[in-house]
Amino acid sequence: MEDSVDRLVAAWARETPRVDPVKEAVVARLTILARHTAQVRRDALDSGGLGHGQYKVLLMLRRSGPPYECSPSRLADLLGLTRGALSARLGPIEEAGLITRTHETGDRRRVRVRLTAAGHAAFEAQAGSEDAGESALLAALTAPERRTLSDLLRKLVLAAEADRDGPAPVPPAPRRSRSDAS
């Protein structure tokens, strides 16, 4: 069976023979799947009534494990936000009753952000909606095919992360003592 990428790659091969059709097909399919997955997540957010930023806050708190709380500075770091941007994001979530901000006993400057029962429920509903969309996509593959795809994608992610992070540092050569030189 032929997909839209097969037709594009065939046209590219006719017009630009130097193009590696397999590479182009892989990259084009990854791009289509990334867009599809992003749309599934946007649709899930829209149906759940949470904004993307709100969901990410709930996600980070849920990921932190019991008691599902974090300092605002740590939460900002996890989300890649400034402290001011996080504060603006927390206000509406707190007003909706999904989180609480409390001061630590003895030090009013120290604040903890905690997921409430309502926030936990909102997160679970949202995550379930996302899961349904992602599962529908992967239903086209058998369990062994999903494992194989996961393993192959891991290799690509490791290569991309190594490229982004640069080459691994080279350990210094062992120091030679004067007795080694003779």
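This is a predicted model: local features need pLDDT of at least 70, side-chain atom pairs count only at pLDDT 80 or more; totals for chains, interfaces and linings use all residues.

Author: Residues are numbered from 1 along each chain as its sequence is written, and side-chain values use heavy atoms, with hydrogens and water left out.

Reader: What percentage of the 182 residues is buried?

Author: Buried means under 20% relative accessible area, with a 1.4 Å probe and protein chains only. By that cut-off, the buried share of the 182 residues is 22%.

Reader: Which element gives the largest share of the lining of the largest pocket?

Author: A pocket is an open set of points on a 1 Å grid over the protein atoms alone, where a 1.4 Å probe fits, with protein on both sides within 12 Å along at least five of seven lines; lining residues have an atom within 4 Å of a point. The largest pocket is lined by 20 residues, with Leu33, Leu137, Leu138, Leu149 and Leu153 nearest its centre. Helices α2 (21–48), α6 (117–138) and α7 (143–165) each supply at least two lining residues. The largest share, 10 residues, comes from α2.

Reader: How many nonpolar residues are in that lining?

Author: Ala, Val, Leu, Ile, Met, Phe, Trp, Tyr, Cys and Pro count as nonpolar, Asp, Glu, Lys and Arg as charged, and the others, Gly among them, as polar. Three lining residues of the largest pocket are polar and three are charged; the nonpolar ones number 14.

Reader: How many charged residues line the second largest pocket?

Author: Its lining includes Arg41, Arg42, His52, Lys56 and Glu130. Helix α3 gives the largest share, five residues. By class, three are nonpolar and one is polar, while the charged residues number five.

Reader: Is the aromatic pair of Tyr55 and Phe123 stacked or edge-to-face?

Author: Rings of Phe, Tyr and Trp (its six-membered ring) pair if their centres lie within 6.5 Å; planes under 30 degrees apart count as stacked, over 60 as edge-to-face and the rest as tilted. The search of the whole structure finds one aromatic pair. Tyr55 and Phe123 lie 5.7 Å centre to centre, with 10 degrees between the planes: stacked.

Reader: How many residues apart are Tyr55 and Phe123?

Author: Both are buried. Tyr55 is in helix α3 and Phe123 in helix α6, so placed that the pair links distant parts of the chain, 68 residues apart.

How values were computed
Helices (H or I, at least four residues) and strands (E, at least two) are DSSP runs, numbered from the N terminus. Buried means under 20% relative accessible area, exposed over 50%, partly exposed in between (1.4 Å probe, protein chains only).
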